[in-house]
Amino acid sequence: MPTTPARIVSLRAAGTCFAVELTEPVPRVLHWGADLGELTTEDLTALSLTAEPALLNNALDIPRRFTVWPTEADGWSGTPAHHGHLSGTAGAPRPTLAGATHRADPEGGGELQLRLSEAASGLDIRLTYTLDTHGILTAEAVLSRAEGADPAPYDLSGALTLLPLPRRATEILDFTGKWSRERSPQRRPLHQGSHVRDVRRGKPGVDSPYLLTVGVPGFGFRTGEVWAVHVAWSGDQRYLVEQLPEGAGVHASALGGGELLRAGEIRLAPGDSYRTPPCQFAWSADGLDGVADRFHSHLRARPQHPRGPRPLVLNSWEGVYFDHDLGRLKALAERAAAVGVERFVLDDGWFSGRRADTAGLGDWLADPTVWPEGLSPLADHVRALGMDFGLWVEPEMVNLDSHLARTHPDWILGPAAGLGPSARHQHVLDLSRPEVFDYLLKSLDALVGSYDIAFLKWDHNRELHEAVHAPGDRPAAHAQVEALYRLLDAVKQRHPALEIESCASGGGRVDLGILARTDRVWPSDCNDPVERQAIQNWTGQLLPPELVGSHVGAARSHTTDRVTSDMFRLVTALFGHAGIEQDLTECSEQELTRLTAWSALYRELRPLLHTGRTVRADLEDDSRVLHGVVAQDGSRALYSWARGATSPEGQSGRTPLPGLDPDARYRLRVRADLGLPSFHQVAPPQWLTAALDDWLTLHGAVLTTAGLPMPTLNPAQALLIEVRRQM
């Protein structure tokens with residue numbers, strides 16, 4: 001039961017701590033980071049004393065404090081927690097504490113809820129912090145106008161949740177990217193001023209900041225203290241880390257984020273409210289892998305998290321594109337079943353008028369020319385072969401060359417002056433219009449019900465530019481995301497067993513807001529394993545492997561034109577929710593045999609891959625990648641040693657296997673089920689030869705401290721190493 005808290009509230013779990021002092025007028029943050037342990041009343045009083053900074057020259061005459069809702073009233077000259085106006089007035093908010101409740105969970109963590117009141121604007125701010133048992137701190141706020149307040153609407157320009165960082169956090173890591181190269185990391189020092197990443201695409205985008213991390217200099221996968229934030233929202237976003245010369249109270253800087261609001265987008269009349277997206281914060285003393293482990297554990301603890309084996313998928317896109325023919329697709333399904341596929345997904349091209357990407361979006365009925373009997377002949381055939389049937393959809397979009405656009409041009413999102421340029425020949429439907437929402441829900445409900453669909457690949461292939469409601473051109477990006485969430489929730493409510501994949505030109509909508517309603521993401525349209533090694537590696541900074549689609553494509557990549565070996569493609573795709581995306585009817589018997597062996601290996605290893613801890617080694621350059629998954633109890637592990645490019649060194653040297661117990665004894669072997677990689681050497685290290693013939697027993701200290709002398713591989717090659725603890 002929530003209780004009225006003491007003056008200082010400390011939420012503690014999994015080695016982390018968030019401490020707040022209920023000062024007046026606004027509570028202040030005392031600490032966020034490593035657990036401070038069980039503190040006595042005297043200790044907490046001392047902690048409060050150490051939260052008082054020095055009085056600076058040419059500054060406020062009282063000590064600055066970094067509060068839970070920083071504004072200029074605190075002497076905070078950085079980005080405020082919220083700002084807006086009431087018909088040009090109430091521009092200097094002075095929130096005051098109006099109430100607080102605290103709930104401690106027996107297993108660790110708990111919740112702190114603070115109510116702030118702002119008299120000038122009539123705003124009531126309810127700020128909630130929830131620390132889960134895995135150390136993820138979720139902060140969200142609801143800003144409401146009180147009934148009976150000034151009838152003029154309050155124009156909310158921005159609302160962010162912010163937490164302080166210590167002086168030693170001086171290096172920033174976030175992400176950028178483009179189509180087919182999502183989640184490319186970028187590092188820089190934290191300087192004075194603001195590092196701001198604004199997203200104005202109506203979705204996170206392929207260049208999404210994704211997870212903004214600040215840490216001690218040189219932090220890596222396995223080492224260094226780091227603090228991170230993720231904005232769990234599928235629309236416009238703002239991430240920031242800000243450092244002012246005067247600091248943030250006794251702290252050095254502030255980290256946070258929220259939704260990027262367009263002018264006039266949120267106008268709060270009396271009785272209206274706005275809920276910020278959840279901002280999810282994580283701290284770790286063990287580098288990026290420590291943060292990843294917290295997020296993976298947090299996601300796996302959700303009630304809706306996939307529990308059963310993740311079925312091996314075949315997606316038809318790179319196999320047939322728009323060339324839909326029942327006989328060809330049946331043959332493809334038969335080959336898929338023969339190699340061990342468990343879910344067959346028919347991609348774009350099945351609906352009315354859809355012979356290319358220029359027409360048909362919005363008309364969610366099977367094309368009568370290509371599919372005179374509907375999709376049932378294919379869906380029934382797929383199920384008769386023992387596979388689930390899945391389907392591609394893009395409900396939020398419309399082609400102007402469609403029955404829907406010709407019948408309801410007013411359903412398209414855009415300004416009164418006329419639609420702007422198309423992207424991929426398409427425009428955006430206004431989901432916030434009830435008639436649009438109802439049409440899409442009815443269409444999707446009919447599709448899923450009629451064909452017993454187990455899986456929807458839900459795509460989103462353009463950005464939201466000029467996302468306004470005509471005729472008044474009021475901004476609509478926020479309402480669009482809320483309507484999307486309602487639509488996903490409604491489809492799921494009608495079809496609880498349905499799985500949905502979030503795809504947006506590949507990995508353009510990968511966030512924990514969309515994943516609260518979907519079951520996996522498609523991280524990139526690029527199946528080239530050289531690119532996928534990095535894309536999947538960094539997608540894993542937030543998401544566990546079972547939520548990340550990873551497909552084997554053809555030898556020649558359809559996105560890069562690079563040719564790679566099947567062994568490298570298969571090993572790369574193994575570390576995710578695996579699938580196939582190529583025309584199996586054109587594969588040789590040797591290729592099909594290799595795919596069959598790989599599918600068996602995936603089924604054998606997925607209990608480990610989809611429940612264990614993701615680990616990554618800190619190496620000297622990006623040409624080599626060592627990553628793996630270690631069972632939660634440490635009993636077994638699987639590693640991939642991969643090379644994407646050449647490097648000057650002939651010897652790779654001793655490389656520790658991360659995540660093992662240095663005091664245990666292990667058995668190790670090389671998994672050659674898919675063959676061996678091509679080596680750039682006359683003979684491999686001696687241990688590798690021994691581990692090919694039988695299990696090799698080694699002490700944990702040798703594996704995880706001294707390390708193994710790894711073989712030097714040719715580019716675009718990978719080696720699989722399995723480790724089991726000796727009982």
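**Helix 10 and helix 11.** I began with the axes of helix 10 (residues 566-574) and helix 11, which come within 10 Å and cross at roughly 25 degrees. I kept in mind that this is a predicted model. Angles under 35 degrees count as roughly parallel, so I noted helix 10 and helix 11 as roughly parallel to each other. The crossing of helix 10 with helix 11 is right-handed.

Next I listed who meets whom. Helix 10 brings Asp566, Met567, Leu570, Ala573 and Leu574. Helix 11 answers with Arg594, Leu595, Trp598, Leu601, Tyr602, Leu605 and Leu609. I sorted the residues of this contact between helix 10 and helix 11: 10 are nonpolar, none is polar and two are charged.

**Helix 4 and helix 11.** I then looked up another partner of helix 11. The axes of helix 4 (residues 326-339) and helix 11 come within 8 Å and cross at roughly 55 degrees. That angle makes helix 4 oblique to helix 11. On the helix 4 side I found Arg335, Ala338 and Val339. On the helix 11 side I found Leu592, Leu595, Thr596 and Ser599. The contact of helix 4 with helix 11 divides into four nonpolar residues, two polar and one charged. Leu595 of helix 11 is listed in the contact with helix 4, and Leu595 also meets helix 10.

What is the strand order in the open sheet of eight strands? I read it as 29-28-25-22-21-20-31-30, with parallel pairing. Strand 29 (520-521) and strand 30 (549-552) stand at the edges. Each has a single partner strand, so one side of each is left without a neighbour in the sheet.

I picked one pair inside this order. Strand 25 (residues 455-458) and strand 28 (residues 499-502) pair in the parallel sense over four bridges. Tryptophan 458 stands opposite serine 502 of strand 28.

Which strands does helix 11 touch on the sheet? Helix 11 (residues 589-609) packs there against strand 30 and strand 31 (577-580). The direction of helix 11 makes about 165 degrees with that of strand 31. I also checked helix 7 (residues 434-451), which lies across strand 22 (388-393) and strand 25. Helix 7 runs at about 160 degrees to strand 22.

**Helix 7 and helix 8.** The axes of helix 7 and helix 8 (residues 477-494) come within 10 Å and cross at roughly 30 degrees. Helix 7 and helix 8 are therefore roughly parallel to each other. Their crossing is right-handed. From helix 7 I wrote down Phe437, Leu440, Leu441, Leu444 and Asp445. From helix 8 I wrote down Ala483, Arg486, Leu487, Ala490, Val491 and Arg494. I counted eight nonpolar residues, no polar ones and three charged ones in the contact of helix 7 with helix 8.

I moved on to an open sheet of three strands in the order 1-2-3, with antiparallel pairing. Strand 1 (8-13) and strand 3 (28-34) are the edges; each has a single partner strand, so one side of each lacks a neighbour in the sheet. Neighbouring strands of this sheet are turned by 10 degrees against each other on average, direction ignored.

Strand 1 and strand 2 (residues 16-21) run antiparallel and are joined by six bridges. Isoleucine 8 has glutamate 21 of strand 2 as its bridge partner. Helix 1 (residues 41-49) packs on this sheet and touches strand 1, strand 2 and strand 3. The direction of helix 1 makes about 110 degrees with that of strand 3.

**Aromatic pairs.** How many aromatic pairs does the structure hold? I found 15. One of them joins tryptophan 32 and phenylalanine 281 edge-to-face, 5.6 Å centre to centre, with 80 degrees between the planes. Tryptophan 32 lies in strand 3 and phenylalanine 281 in strand 19 (residues 279-284), so the pair ties together parts that are 249 residues apart in sequence.

**Backbone notes.** I looked up two cis peptide bonds.

- The bond from glutamate 24 to proline 25 is cis, with omega near 0 degrees. Proline 25 sits in the loop between strand 2 and strand 3.
- The bond from alanine 470 to proline 471 is cis, with omega near 5 degrees. Proline 471 is in the loop between strand 26 (468-469) and strand 27 (474-475).

My last entry is arginine 424. Its phi is near 50 degrees, a positive value in a residue other than glycine. Arginine 424 lies in the loop between helix 6 (403-407) and strand 24 (427-428).

Key
Residues are numbered from 1 along each chain as its sequence is written. This is a predicted model: local features need pLDDT of at least 70, side-chain atom pairs count only at pLDDT 80 or more; totals for chains, interfaces and linings use all residues. Side-chain values use heavy atoms; hydrogens and water are left out. Two strands pair if DSSP finds at least two bridges between them. Helices (H or I, at least four residues) and strands (E, at least two) are DSSP runs, numbered from the N terminus. Contact means heavy atoms within 4.5 Å. Axes are lines fitted to C-alpha atoms, for helices over the stretch in contact, and angles run from 0 to 180 degrees between N-to-C directions. Angles under 35 degrees count as roughly parallel, over 145 as roughly antiparallel, 65 to 115 as roughly perpendicular and the rest as oblique. A crossing is left-handed if the near helix is turned anticlockwise from the far one by less than a right angle, and right-handed if clockwise. Ala, Val, Leu, Ile, Met, Phe, Trp, Tyr, Cys and Pro count as nonpolar, Asp, Glu, Lys and Arg as charged, and the others, Gly among them, as polar. Rings of Phe, Tyr and Trp (its six-membered ring) pair if their centres lie within 6.5 Å; planes under 30 degrees apart count as stacked, over 60 as edge-to-face and the rest as tilted.
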